[in-house]
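The sequence and structure are shown first.

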Amino acid sequence: LLYLSREEVVRFLDEARAHPLEEVGFTGGEPFMNPELVPMLDEALSRGLRALVLTNAMQPMRRYAAPLAALLAKHGPERLILRVSLDHHDAAAHDLERGAGSFARTLEGMRWLAQEGFQMHVAGRVGFA
């Protein structure tokens with residue numbers, strides 16, 4: 001797999017200085033699959049930008065628990081937002097879309113984010129059976 005690198009993000013953020021940029025979004029399936037996501041977040045946050053990460057809050061995110069907690073301690077919760085995808089409020093319906101047991105794993109990740117003090121939004125879907 002080919003992921004966006006920290007160096008590319010630095011270049012893009014340098015170019016964006018000429019424009020009124022307030023927030024940078026990280027998405028693309030599951031951003032925490034990119035091993036350079038945390039350094040990219042640090043780069044954006046260090047420039048005073050908000051960073052929005054769209055995640056499913058499952059295992060890829062949890063692998064970065066310690067570096068994420070360090071990022072939160074360094075920058076505070078005001079500008080780092082994790083938007084968690086929850087496809088349905090019913091576990092069985094959610095699991096149909098994301099796989100068996102994914103609802104429970106997502107809730108576990110959401111609990112961890114809340115306990116650590118991260119700013120978290122939950123994104124649902126409309127019209128999902």
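## A buried loop residue: Ala-57

In this predicted model, Ala-57 has a relative accessible area of 0% and therefore counts as buried, the limit being under 20%. Ala-57 belongs to the loop that links E2 to helix H3 (59-62).

Leaving aside residues up to four places away in sequence, Ala-57 is in contact with Glu-30, Arg-62, Val-84, Arg-105, Thr-106, Gly-109, Met-110 and Leu-113. A separation of 31 Å lies between the C-alpha atoms of Ala-57 and Glu-15, two residues that are 42 residues apart along the chain.

The backbone of Ala-57 also deserves attention: phi is near 60°, a positive value in a residue other than glycine. Most residues other than glycine have a negative phi.

Asn-34 is located in the loop between E1 and H2. Is Asn-34 buried or exposed? Its relative accessibility is 7%, so Asn-34 counts as buried. The residues that Asn-34 touches, when those up to four places away in sequence are not counted, are Tyr-3, Leu-4, Met-40 and Tyr-64.

## Strand pairing

Strands E1 and E2 are paired in the parallel sense, with four bridges between them. Glu-23 has Arg-50, in E2, as its bridge partner.

Within E3, Leu-82 is the residue opposite Val-53.

## The largest nonpolar core

In soluble globular proteins, nonpolar side chains tend to be buried together. Here the largest nonpolar core comprises 27 residues, and Leu-41, Leu-68 and Leu-80 have the most contacts inside it. Two or more residues each are supplied by helix H1 (6-16), strand E1 (23-26), helix H2 (37-46), strand E2 (50-55), helix H4 (65-75), strand E3 (80-85) and helix H6 (102-116). Of these elements, H2 gives the most, with six residues.

Which residues does Leu-41 touch, not counting residues up to four places away in sequence? They are Phe-26, Ala-51, Val-53, Leu-68, Leu-71 and Leu-80.

## Helix H5 and its ends

Helix H5 spans residues 91-98, and its buried residues are Ala-93, His-94 and Asp-95. These buried residues pack against E3 and H6.

At the N-terminal end, H5 is capped by Asp-90, with a side-chain oxygen 3.2 Å from the backbone nitrogen of Ala-92. After H5 comes Gly-99, which has a positive phi, near 110°.

## Aromatic pairs

A pair of aromatic rings is described by the distance of the centres and the angle of the planes. How many aromatic pairs does a search of the whole structure find? The search returns two.

One of them consists of Trp-112 and Phe-118, with 5.4 Å centre to centre and 35° between the planes, an arrangement that counts as tilted. Both Trp-112 and Phe-118 are buried.

Definitions and conventions:
Residues numbered from 1 in each chain as written. Predicted model: local features only at pLDDT ≥ 70, side-chain atom pairs only at ≥ 80, totals over all residues. Heavy atoms only, no water. Core = buried A, V, L, I, M, F, W, Y, C linked by side-chain atoms within 4.5 Å. Buried < 20%, exposed > 50% of the residue type's maximum accessible area, 1.4 Å probe, protein only. Contact = heavy atoms within 4.5 Å. Polar contact = N/O pair within 3.5 Å; in protein donor to acceptor, adjacent residues only side chain to side chain. Pairing = 2+ DSSP bridges. Phe/Tyr/Trp six-rings, centres within 6.5 Å; stacked < 30°, edge-to-face > 60°.
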